[in-house]
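Colleague: Please show me the model, and then I will ask about it.

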Protein chains: 2
Amino acid sequence: MPRKQRELYEREQLILDTAQKILQHEGLQSLTMDRVAAEIEYSKGTVYNHFCSKEEIISGISCRCMINLIEMFGRARDYPGNHRERIAAIGVAHSLYAQLHPAELQNMQIIKSSAVREKIAAEKQQQLLQLEQQVTGIVLDIVKDAMRDGDLPTDQPCLPDSIVLGLWTMGYGSNLLHLSGIPFDQLGMQQPLEMVWLNSHKLLDSYQWQPLSSSFDIKKLRDRLCNELFATEKQLLENNK
Amino acid sequence: MPRKQRELYEREQLILDTAQKILQHEGLQSLTMDRVAAEIEYSKGTVYNHFCSKEEIISGISCRCMINLIEMFGRARDYPGNHRERIAAIGVAHSLYAQLHPAELQNMQIIKSSAVREKIAAEKQQQLLQLEQQVTGIVLDIVKDAMRDGDLPTDQPCLPDSIVLGLWTMGYGSNLLHLSGIPFDQLGMQQPLEMVWLNSHKLLDSYQWQPLSSSFDIKKLRDRLCNELFATEKQLLENNK
DNA sequence: ACAATTTTTGACTCTTCGTCATATTCTATA
DNA sequence: TATAGAATATGACGAAGAGTCAAAAATTGT
């Protein structure tokens, strides 16, 4: 609220912006405290007044990114279609996000490695966990809606968790494999981001989530969701290429 | 073959053993070249005669681990059951491996991060890629066998790749999520390693891979495969707990 | 105007990677 | 067996980056 506090907050954002830019363009190697200090034109000590370790900067970036993802997931949840379309929109959001912010996804994985996590204050870890809860919460809500409205048979074991986890692991795994630079063509495979879309629908079909993908065109659905919900992101992605 | 070369080879293994032990018990932070040198009672320079960077040691560990995994996958491929049981055995192998060697899986992910990969000689990268090909090759063979013998309808798009990729992403994602220490209970979920077994079978069912899981008990199948193919690993796992 | 408080600074320590000139050990030959 | 020459091992050293802290500078309140 007061001027002083606002300045502090803005500098914190400046540090995160700068660090994020370095990370995106030059990788983790180039992200050093000295470099960040030089770039924001303050001394290293000042950077340490804001973040007490390099890891906390990375964690700060992750937090901001997760908030972006939550916003996109929120749009998916609020889509005025049937529940199957809404859960599909989550998949589209996740995939678009992964393509737009590859570096950030890798961050999130870095954050989770124990070596890094140990150096982050418990309070900030709690914050990250709370954001993670929001993400899974949104997906869980859609699954529960589908169960309530009879689109998804409720007599199956482990529901609703198993669907959330199935989609999560598949999306997460494919994103990580994708951006880990495995040469899929040399393994005789196409890009995983395409196939995860197909496989997610196979999984949903298997859970008998109505309407089944045999009764509509999943490619057209993806295009429609892209255009209606994530036009901005789609545009950004095309500009990048 | 000659004594000299054998000594060199043995020391190389000693370095890898030592590094792996440190990594397993104390994490990436504690794995330093000085530490390894001290532990094997040679000088740092000697360690560098074997591996020209810390990253190459990690890569070396990954190679050995991948060879273990390939051996386990091989047992799954050679299981004298139907193809659905054989592909399920791959899942059991992967899961057991993940539980037995959590640190190694995290390594494999570390190896894939661009920062690390840049510091590994092209030749060793090729070796890793070739091992990765063997892993996917085994799975691909089982899928192709199933298609050939009519257990799996061939009129579906993207086959056989999409099944391999579906299982791979799901297994990979769940393992990483599992060992990244996300408190699933706090997110209102059970452990992912249990559910990936369920979801993998859902996926296979969705591809119409006969016999469908509705016609047998997947829990009993897992127990049977555990006992018949991976008794040693199961025993090890129980001893660890 | 000035004292008290807060913030900023960058020199400093510590750790670790990776190098390289020197020292040691091994090997082949006279 | 003695010795030259090759192969191997060593650890002191340089570089780079994380994190600290006492002193300097800026800000605030009276």
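Colleague: Which residues come nearest to DNA strand D?

Modeller: This is a predicted model, where local features need pLDDT of at least 70, side-chain atom pairs count only at pLDDT 80 or more, and totals for chains, interfaces and linings use all residues. Residues are numbered from 1 along each chain as its sequence is written, while chains are lettered from A and ligands numbered from 1 in the order in which they are written. A residue is near a strand if its C-beta atom, placed from the backbone, lies within 6 Å of it. Of the 17 residues around DNA strand D, those that come nearest are Thr32(A), Gly45(A), Tyr42(B), Ser43(B) and Gly45(B).

Colleague: Which element gives the largest share of the surface near DNA strand D?

Modeller: Helices here are DSSP runs (H or I, at least four residues), numbered from the N terminus. Two or more residues each come from helix H2 (33-40) and helix H3 (44-50) of chain A, together with helix H3 (44-50) of chain B. The largest share, four residues, is that of H3(B).

Colleague: And which element gives the largest share of the surface near DNA strand C?

Modeller: DNA strand C is surrounded by 17 residues, with Tyr42(A), Ser43(A), Gly45(A), Thr32(B) and Gly45(B) the closest. H3 of chain A, with helix H2 (33-40) and H3 of chain B, are the elements that give two or more residues. Four residues, the largest share, come from H3(A).

Colleague: Which helix of chain A gives the most to the side that touches chain B?

Modeller: Residues are in contact if their C-beta atoms, placed from the backbone, lie within 7 Å, and 42 residues of chain A are in contact with 43 residues of chain B. H6 (102-112), H7 (114-117), H8 (122-148), H9 (161-179) and H10 (192-206) of chain A each supply at least two residues. The most, eleven residues, come from H9(A).

Colleague: Why is H6(A) largely enclosed by the rest of the structure?

Modeller: A residue is buried if 20 or more other C-beta atoms lie within 10 Å of its own, with C-beta atoms placed from the backbone. The buried residues of H6(A) pack against H4 (54-77), H5 (83-100), H7 and H9 of chain A, together with helix H6 (102-112) of chain B. H6(A) is largely enclosed because, of its eleven residues, the number buried is nine.

Technical notes
Two residues are in contact if their C-beta atoms, placed from the backbone, lie within 7 Å. A residue is buried if 20 or more other C-beta atoms lie within 10 Å of its own, exposed if 12 or fewer, and partly exposed in between; C-beta atoms are placed from the backbone.
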